[in-house]
Amino acid sequence: MVTITGGELVVRTLLAAKVRHVFGLHGAHLETIFQSLASHGVPIIDTRHEVAAGHAAEGYARASRGLGVAMVTAGPGFTNVITSLANAYLDRTPVLYLSGSAALRDAESNTLQAGIDQVAIARPVTKWAHQITTPLQIPRLVAQAIRLATSAPTGPVLLDLPMDVLTAQVDEDAALTRANVVLDSPPAPTSAAVDAAMELLLNAKRPIVMVGPGAWQADAGNELRRFVERAGIPVFSDFQAHGLLPSSHALWGGTYHKLSELTASDARPDVVLALGVRFGLFTMGVSDRLVPSGAKLIHVEADAKEIGRLRDAPVPIVADSREMLKALNERAGAQRWPDFGAWQKLIRDAKAARVARHREQYARTSSPIHPYQAVTAIADSLPPDAIVIGDGAESYHWFNEVVRQERSGSYITHGFLGAVGFGLGLSLGAQVAHPKRPVLCLVGDGAIGFTIAEFDTMVRHKLPIVVVVMNNRSWAASQHFQEIVSGSEKVLGTRLGEARYHDVARAFGANGLHVTKLDDLRTAIKGAFASGTPTCINVEIDVSPIPPEIELLMARHN
Ligand SMILES: Cc1ncc(C[n+]2csc(CCOP(=O)(O)OP(=O)(O)O)c2C)c(N)n1
């Protein structure tokens, strides 16, 4: 009889699901998994903090539209990754978290890294959390966890693996490998639902398509383009779905926030086809600044819970966005569509006016660099096909004004948790998923402090990520909030010092550059990408300007 360990069974099921990389940080509890991954040639990207391993698995999932896997050891390894669990949960990112835990035989014995109920802690921030207690059940339960994580609505799952379950020796022949670990059966709309949607769209005067995370997860780009080109309907998106229609496309209206610029009563959308949209933070809640309350909504979402959450939808459709678009495309060609030319022009003019306004408003070139000038220089210096990770708070809001994406999944940034400090972790995962694509991480000087030691991970694993620190010597979004709400004389706990982040990166073996002039920033970014070495560019920027998206949000609170 040939025997294998529980850890080997975990790894064989991961291989059946085509898992190619695992992110993690070692602990004795995980040793069998480490050894089995190595014997099967699966690289382990070992990080300096468990939260970075979790975020890296999220970044991998987001950049590859696939499953990310993170493993953390018992006790503090598990508690350290909770922010990533919560982030993945709110953003529906399919990640399998494997946590080690104390041996079952040591229950209630005050043993090492034990005494907390990891499954109970994980349950509210996962789709499913479960402790495996029988080694022979590992293939069945790992497969179940992966199917749940990767099926709509996707999301994180946690499997807790006691040490004696992982080290147990089982008969290889008795352990069945599971087939079809990942399912591919997205929900399609009914014919009646598609008819109802067509009816509203064909009778609209100023229709728009809004695309959100569900449309991105469904990989709906090609079908979206076919449909809107046929119908002539402009498209707006959140950041995740940005790029499903290329930024250079004439029907691309902008991010959701730009709908706030269409203020005249005869210039507001009257019918909204919302594909995979999750109403809330990114649509300004129930405010009608972005989506007019009178607009008729066709809401297509694979998760029924999202439909009608903040907006009643006269046409509610529980379906995958790509399946919906396929069905619309089957009907769209035969229809006579109204001429939406004037409506398209109105949106194009608003976009051109905004760019001209920003160029004038943010033109100052003196030192320290204006943040709008810095992000413009960054956007202009990006190699084609780059992936940008947006961390910090105001930093990423500034970048939102200039971001261009010809291909979706190229700008990965905050979701509903709004956790600053996730950028370096996400970047590790994105770079592992796409070793040939340039990855730039834009990060605030506050945010970088959370996981700055990940420069070490980049160096050891040869991940040539370019990190640009928007150094305004402040937790700027917090400082500005204090200034507005409490008064500028009451600013406390939100200022930072003159830290030399580039020197910290150098100490780990990365390149480090300090930039105080705009032209040097462009040169630094180009040089950093050409070097093929992880690089930290610490750029001094002005703390005082507030990005337009934040001004919009503040105006809502005043
Ligand atoms: C983990 C976490 N802690 C605290 C906050 C509250 N918070 C929101 S914005 C912000 C300031 C971020 O500062 P920085 O990273 O320097 O970015 P900037 O606003 O300067 O671009 C803070 C602390 C948060 N969102 N997440």
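This is a predicted model: local features need pLDDT of at least 70, side-chain atom pairs count only at pLDDT 80 or more; totals for chains, interfaces and linings use all residues.
1. Residues are numbered from 1 along each chain as its sequence is written, and side-chain values use heavy atoms, with hydrogens and water left out.

2. Around the ligand lie 17 residues (a heavy atom within 4 Å). Glu394, Ser395, Gly418, Gly446 and Ala447 come nearest.

3. Now the ligand's oxygen atoms. A polar side-chain atom of Asp445 lies 3.1 Å from one oxygen atom of the ligand. For Gly446, a backbone N or O atom sits 2.8 Å from a ligand oxygen. A polar backbone atom of Ala447 is 2.8 Å from a ligand oxygen. Taken alone, the ligand exposes 590 Å², and the protein buries 74% of that (Shrake-Rupley method, 1.4 Å probe).

4. Asn87 counts as buried because its relative accessibility is 1% (buried means under 20% relative accessible area, 1.4 Å probe, protein chains only). Its side chain makes a polar contact with the side chain of Glu58, at 2.6 Å (a pair of N or O atoms within 3.5 Å; within protein, one must be able to donate a hydrogen and the other to accept it, and residues adjacent in sequence count only if both atoms are side-chain atoms).

Definitions and conventions: Buried means under 20% relative accessible area, exposed over 50%, partly exposed in between (1.4 Å probe, protein chains only).
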